[in-house]
Amino acid sequence: MEERPHSEAPPSERDVSGNLGHLRLFGIPVRFHFTFILLIIYLVVLALDKAESSTTTVIYVIALFASVLLHELGHAVAARRYGIRTLEIVMLPIGGVSRLEKQPHRMTEFWISLAGPVVNFVIAGLIAGYLAAIGKLPTVADLVRTSDQYMMARIAAGNLILGLFNLLPAFPMDGGRMLRAILSSSRPEHEATRTSVQVGMAMAALMALAGLLTTNFMLVFVAFFVYLGAMQESLVSTGRFLMRGELVQAAMITDFRVLHHGDTIRDAAELLLATSQQDFPVLAGDNVVGLLSRTALLRALATDGPDAYVAGAMDRNYISLVPDMDLADAAPKLARAGSCALVMNGEHLIGLLTTENLSEFLVLRKISRNISQSPHLDDAPN
Ligand SMILES: [Zn+2]
């Protein structure tokens, strides 16, 4: 699977929370979501009372895990061919998720998405070819019986299933992205996304129902993740759609308070109480020299006391935006900044953009769009 970025915040701060441990593969950080570890434990426990040695189980699980990683590397290599960097790979129970630095164009997305499942088919094909060559190709009935004998064939079968599962034409599977890419050629991107998301949710519901009826809880588990993935994609797409074409200056806060270089933490704390503002630009004369967040303020109050200067606690590496920047491009920068970015006209501070007022702006925009709904609301191509 793969996933498009909606923020460029450092990987450790991004929204797939609950990551445990990480390694690097060809320079791409690989993270393990804790539910992935749960899956491994579940698989091992499941296999303990089977007619299979624990060594075989461990090899089988490692081989499948490696196949998922290779699948993700397939996406990464294809993305690199189109000049798109992969920021990280997150391992989830239903497969990996590659985070790309930007949303690829329609058919580019199609090919990048296809590359993952193709890797699994190639692995399955190579193993099957080898087994056929040495005359040890098992039947399906052989594969269903767990035993040490057909481990290679079961790894091949696992890859086949992995490839096919990811080709399901539903978000968040690769097939969902391919469907979106194809649909995008005849309709606006957000409509194509909406259709793919609906198919994904319908498929998750069917999977969950089938899992409950057959008491196959693994299937219910997978359905749950498919549903979450579809939901998330829908939110990202809606946000992008609402932001596209809107400028930073339309959403920024223009009525705000500032601190001065020589102010103390006590002055800042008083301002925090007196206003609803959480982040304060710090000025020296007319020039911005830093940004003091609520967290930094409270930390300084606790460690340095109320008489310390704000200059010692402020962040000098604040993120600044220009007023005529597209909000869809500004949002990832804001995510990297944390909760607040400064809007600067040259050297002059003219506003603040915070995550809170950005989401309020989007809510208002959604309402006004619904009121003035026209049949030709086109998403600008990105
Ligand atoms: Zn994939």
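Tutor: Happy to! Of the 382 residues in the protein chain, 33% count as buried. Keep in mind that this is a predicted model.

Student: Okay. How many helices and strands does the protein chain have?

Tutor: There are 13 helices and eleven strands in the protein chain.

Student: And what share of the contacts with a separation of 6 or more is between residues 24 or more positions apart?

Tutor: Such pairs make up 63% of those contacts in the protein chain.

Student: Let's pick a helix. Is H6 mostly covered or mostly open?

Tutor: Mostly covered: nine of the eleven residues in H6 are buried. Among them are Asp174, Arg177, Met178 and Arg180.

Student: Which residues of H7 does H6 meet?

Tutor: On the H7 side they are Glu189, Ala192, Thr193, Thr195, Ser196 and Gly200. H6 brings Gly176, Leu179, Arg180, Leu183 and Ser184 to the contact. By type, the residues of this contact divide into three nonpolar, six polar and two charged.

Student: At what angle do the axes of H6 and H7 cross?

Tutor: At roughly 145°, and the axes come within 8 Å. The crossing of H6 and H7 is right-handed.

Student: New topic: H3. How far apart are its end C-alpha atoms?

Tutor: They are 40 Å apart. That agrees with expectation, because 28 residues at 1.5 Å a residue should span 40 Å.

Student: Where in H3 is there a kink?

Tutor: Look at Gly116, shortly before the proline Pro117; the kink there is about 30°.

Student: What follows H3?

Tutor: Gly135 does, and its phi is positive, near 70°.

Student: Now H11. I clicked on Arg299, which is in that helix. Is Arg299 buried or partly exposed?

Tutor: Arg299 is partly exposed, because it has 13 other C-beta atoms within 10 Å, and being buried takes 20 or more.

Student: Which residues is Ala300 in contact with, leaving aside neighbours within four places in sequence?

Tutor: Ile265, Ala308 and Ala313. Ala300 and Ile265 are 35 residues apart in sequence, yet their C-alpha atoms are 7.2 Å apart in space.

Terms used: Residues numbered from 1 in each chain as written. Predicted model: local features only at pLDDT ≥ 70, side-chain atom pairs only at ≥ 80, totals over all residues. Axes fitted to C-alpha atoms, helices over the stretch in contact; angles between N-to-C directions. Helix = DSSP H or I, 4+ residues; strand = E, 2+ residues; numbered from the N terminus. Left-handed = near helix turned anticlockwise from the far one by under 90°. Contact = placed C-beta atoms within 7 Å. Nonpolar A, V, L, I, M, F, W, Y, C, P; charged D, E, K, R; others polar. Expected span 1.5 Å × (residues − 1). Bend = angle between axes of the 7 residues up to and from the residue. Buried ≥ 20, exposed ≤ 12 C-beta atoms within 10 Å, placed from the backbone.
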